Amino acid sequence: MRKFPCTIMRGGTSKATFFLEEDMPSNREDWESFLLDIMGSPDKRQIDGLGGGNSLTSKAAIIKKSDKEGFDVDYTFGQVSLDKFKVDFKGNCGNISSAVGPYALIKGLVDPVEPRTRVRIYNTNTGKRIDAQVAVKDGKFDPDGNFYIPGVPNPGSLEELTFYSPDGSVTGKLLPTGKASEMIDTSKGPIRISILDAANPLVYVKAEDVGLQGTEQHYDFTDDDLTYLEEIRSIAAELCGFCSKEEATAYSPAVPKMTLLSEPKFYEDSSGKTHKPESMDMLIRMLSMQRPHQALAITGAACTAAAINTQGTIANEIIGGGKLDTIRVGHPSGIMNMAYACSEEEGISVSVERTARCIMEGYVYTRDDYNVDRL
C-alpha cells in the first residue's frame with residue numbers, strides 16, 4: 001500500500017500532515033517509519049517528502065473520533081526529525097493543536113454548531129484536555145476572518161484554544177525536579193535553570209547568563225550558541241529522567257525545549273516592527289529540535305504562563321514576583337497574549353488566540369509498503 005489519504009493543515013505558526021487514525025498503518029510500530037517516509041526524513045532538505053526542511057513544518061497529527069467520555073476526538077502528535085531516524089511522540093504541539101478542531105469539523109467527526117463549535121480534544125501524548133472554540137458558518141468550519149497572529153502573514157477566523165490542567169504533561173509534575181530553580185554545571189561553568197512541565201516540559205535560562213540579549217532572531221544564533229544551549233537542554237533532559245545527557249539529542253530531541261528569557265526591552269520583530277518594553281511582560285526565545293523557533297510554540301507559551309505564576313522560577317523573578325492573569329510575551333515574530341487562571345476546583349488553565357486553515361487534501365505516496373486495517 002503506497003497511497004494514503006492526507007490533509008495538510010496550518011495551525012498557528014506551524015504546519016502538519018493530518019491523518020485519520022484509520023488511514024494510518026495498522027501496526028502501531030510502523031508509524032515512525034511511515035511518518036519519516038512521507039516527510040522525506042532523514043534529510044535536512046526533506047526533498048523526497050512533504051516536509052519543508054524546518055522543524056515547524058515537519059510535524060504530524062493523527063486523529064480519531066474519541067470513545068472517551070467528555071471528549072470529541074483523540075489527537076496524537078509526532079515531531080518528525082529532519083536529519084535523524086526519529087519521530088518524537090513524547091510531547092504535544094500547541095500550534096498544531098489549534099488545527100485539530102477545524103480538521104475534526106472538516107472530516108465530520110464533530111457536529112457543527114454556529115457561530116462557534118467547541119471541540120473537546122484529548123491529547124494522547126500528554127493525557128491532557130484541550131478545548132478549541134472554532135468558527136462555523138453554513139454548517140462548515142469557517143477559516144475566513146480578519147484576525148492576525150504574529151508569525152502568519154494572512155488573517156483568519158479567531159480560535160480560542162484552552163489547555164486544562166497542563167501541569168505534569170510528560171513528567172507528571174509541574175516541577176520535574178521538585179525545584180523552582182537550581183544550579184547545574186556546564187562546560188562554561190555553573191548556570192541557573194528552571195525546569196517546568198506544563199503542556200510540554202521546558203528548561204529556562206536567562207538570556208544574559210548565556211551571553212545573549214533575548215532579542216535575537218533565528219539567524220543571530222551562532223553554532224557555538226546552539227551547541228552550548230543543547231548542552232544545557234541535554235542536562236535538563238537527564239534531570240527530567242528522559243535519558244542520559246549524552247543520549248538526549250538522539251533520544252529526546254523535542255523535550256524539554258530550551259528557552260531563553262529576559263526582561264522587557266525594545267526589539268524589532270521579524271516583520272520589522274519595533275516593540276516597546278511597556279508592550280510586554282518579558283521577552284522569550286525558544287528552540288525546537290535544536291534550532292531557534294521563529295515564533296513561539298503554544299505549548300511553550302502555556303508552560304511559560306505557569307512558570308510566570310510559580311514562585312521562585314526565573315520567569316517569576318523577571319516579572320518581579322507575584323502573579324499575572326493576562327500575560328504578554330515578546331517572541332521573534334511579535335507579541336503573544338495569554339490568559340492564565342488557577343482555581344482549587346479546576347486547577348490551571350491557559351488560553352491563547354490562534355488561527356488555522358486547511359491547505360491541501362489529497363493523497364501522499366510512500367516509498368515503502370504498509371498494511372492498513374481499512375483495506
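How far is the sulfur of Cys93 from the closest cysteine sulfur, and in which residue does that sulfur lie? The closest one belongs to Cys303 and is 14 Å away, too far for a bond. This is a predicted model, in which local features need pLDDT of at least 70 and side-chain atom pairs count only at pLDDT 80 or more, whereas totals for chains, interfaces and linings use all residues. Residues are numbered from 1 along each chain as its sequence is written, and side-chain values use heavy atoms, with hydrogens and water left out.

**Cysteines**

- With a disulfide defined as a pair of cysteine sulfur atoms within 2.5 Å, the count comes to zero.
- Cys93 has a relative accessible area of 5% and is therefore buried; buried denotes under 20% relative accessible area, exposed over 50%, and partly exposed the range in between (1.4 Å probe, protein chains only).
- Cys6 is likewise buried, at 3%, and its sulfur lies 9.8 Å from that of Cys358, the closest cysteine sulfur, which is too far for a bond.

**Nonpolar cores**

- A nonpolar core is a set of buried Ala, Val, Leu, Ile, Met, Phe, Trp, Tyr and Cys residues joined through side-chain atoms within 4.5 Å.
- The largest such core has 58 residues, of which Phe18, Ile63, Val73 and Tyr75 touch the most other members.
- Helix 5 (residues 298-308) supplies the largest share of this core, eight residues; helices (H or I, at least four residues) and strands (E, at least two) are DSSP runs, numbered from the N terminus.
- A second, separate core contains 25 residues, among them Leu212, Leu226, Tyr228 and Cys243.
- Beyond residues up to four places away in sequence, Val73 has contacts (heavy atoms within 4.5 Å) that include Ile63, Val100, Ala104, Leu109 and Ile121.

- Helix 2 (residues 94-106) is largely enclosed by the rest of the structure, because 12 of its 13 residues are buried.
- Gly108, which follows helix 2, has a positive phi near 75°.
- Helix 3 (residues 223-239) comprises 17 residues and spans 24 Å from its first C-alpha to its last, close to the expected 24 Å, where the expectation is 1.5 Å times one less than the number of residues.
- Gly241 follows helix 3, and its phi is positive, near 85°.
- Leu229 lies in helix 3 and is buried, with a relative accessible area of 1%.
- Leu229 touches Val210, Phe221, Met258, Leu260 and Leu287, residues up to four places away in sequence not being counted.
- The C-alpha atoms of Leu229 and Met258 are 7.0 Å apart, although 29 residues separate the two in sequence.

- Two strands pair if DSSP finds at least two bridges between them.
- Strand 18 (residues 326-331) and strand 19 (residues 334-343) run antiparallel and are joined by six bridges.
- A hairpin through two residues connects strand 18 to strand 19, and His331 stands opposite Gly334.
- Strand 19 is also joined by six bridges to strand 20 (residues 347-354), again antiparallel.
- The hairpin from strand 19 to strand 20 passes through three residues, and Ala341 has Ser349 as its bridge partner.

**Ser157**

- Ser157 lies in the loop between strand 8 (140-141) and strand 9 (159-164), and it counts as buried at 8% relative accessibility.
- The side chain of Ser157 reaches the backbone oxygen of Asp142 at 2.7 Å.
- Apart from neighbours within four places in sequence, the contacts of Ser157 include Ala135, Phe141, Asp142, Arg354 and Thr355.

Note on methods:
Polar contact = N/O pair within 3.5 Å; in protein donor to acceptor, adjacent residues only side chain to side chain.
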